[in-house]
Amino acid sequence: MQIIIVGCGKVGCVLAKQLSKEKHNITVIDTEYNLVHTVSNSFDVMGIVGNGASNSVQSEADIEHTDLFIAVTGSDELNLLCCVIAKKAGNCSTIARVRNPVYITETDFIRQELGLSMIINPEFAAASEMARLLRFPRAIEIDTFAKGRVEMLRFKVPPHSQLHNMALKDCPSLLKSEVLICAVERKENIYIPSGTFIIQEGDILSIIATPRNSSDFFRKIHLETNQVKSAMIAGGGEISYYLAKLLIPMGIEVKIIEINKKRCNELSELLPEATILHGDASDESLLLEEHIELSESFVALTDIDEENIILSLYAKGKVKSKVVTKINHLNFDGLIHTLDLDSIIYPKHITTESIIQYVRAKNNSIGSNIETLYKLMDDRVEALEFAINDTTRITGIPLSQLNLKPNLLIGCIHRLGKAIIPGGQDVFQSGDTVIVVTTNTGLQDVHDILQN
């Protein structure tokens, strides 16, 4: 596919890197020469310095033959204008990043009226993921499939757990729970495990199940699953606003600490049910004065990654259930993961996952469509949900007879509202959605699960 990306910030860089890696023809546009130069040289893509909303600049980027136009500058309005011009000039698919809370209730209207293919709000998506974690604080990460009917949860096996030294094949009979352990992280290694794999304490397991079955599984291994009753949030930005709007209807008490007095006044009007405090969240005396030790969760959402990390490490020894850390920059992932933080949220990753999912679905027209895509464990694992249709060539064939690629697992078949943890005799049917977990990144179509 021929793709134009306007905006060479963090999201634009990640998109250029990933989409060029997947063999698409990429052109990036930005008004900053240094950014364009860095991206074009780093990822072997075309670069143009100019205003992405300019028709002449878009023509220089060959908008007439472009399949997909993506606008991810720092301005919502500029992104929308870029997409409108691109739609008129090239009649291509368009994606805009729109972050302002003013537009959150108007997203569908804007998308339909302007003819956009997709609008992405990374802050709201990040807040939604954080809210799921506070509902289920034992999980490190929660990803959803089948419109929320199936979940993939990551959690760490605690010391003295009954899972220690248990073989995967024995889990269903011993625990009598309908879950599938689909990936295991052990130190630097990642496994797509077979039935003979032996679980050890300290492993990070990824399980696939319905919300009810995952709750039942955690109860049987004696891990609390109750949602938190209170949340202290450091920083009063857009994600904090969205998160508070999600938590308050869940009955969770929200306390936000924000250093900017004007922003405090805004939040007080927008969130009358929340407690808004004017102060520096990195001030230990303030945190103690506000009884951080009585809060069941702490969410670090300042604009400074280093401050978020330090606050989270401090809060981990204070709060009862859950600490969530927002990280904006994508560097030093390896170092960050050695710090034993509870849950880390990358808003930029969420944005790029959604766009890459759309690109792969648009690029494929045979047999299936990608409904959902998550890039996990530092991009070394992908979890994909494929929709099966009438042209899929592997329907009706028992899974045991399919020549699947190594390091690939069929995690779940969702059929008519029911989640099936598949065995060897199960088959795909038209209308199913199928969840695949694999270290073979870049799958475009359900047929790609097969060995050549």
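**Note on the cores and a helix pair**

1. Leu180 touches Ser206, Ile207, Ile208, Leu409, Ile410, Gly411 and Ile421, residues up to four places away in sequence not being counted, where contact means heavy atoms within 4.5 Å. This is a predicted model, in which local features need pLDDT of at least 70 and side-chain atom pairs count only at pLDDT 80 or more, while totals for chains, interfaces and linings use all residues. Residues are numbered from 1 along each chain as its sequence is written, and side-chain values use heavy atoms, with hydrogens and water left out.

2. Leu180 lies in strand β9 (residues 180–186), strands being DSSP runs of E with at least two residues and helices runs of H or I with at least four, numbered from the N terminus. Leu180 has a relative accessible area of 18% and is therefore buried, a term that means under 20% (1.4 Å probe, protein chains only). Between Leu180 and Cys412 there are 8.2 Å, C-alpha to C-alpha, although they are 232 residues apart in sequence.

3. The largest nonpolar core has 51 residues, of which Phe155, Leu163, Phe217, Phe218 and Leu243 touch the most other members; such a core is a set of buried Ala, Val, Leu, Ile, Met, Phe, Trp, Tyr and Cys residues joined through side-chain atoms within 4.5 Å. A second, separate core of 42 residues includes Ile95, Ile410, Ile420 and Leu443.

4. Leu243 is also among the residues of helix α9 that meet helix α6. Setting aside neighbours within four places in sequence, Leu243 is in contact with Ala127, Met130, Ala131, Ile233, Val299 and Leu301.

Terms used: Buried < 20%, exposed > 50% of the residue type's maximum accessible area, 1.4 Å probe, protein only.
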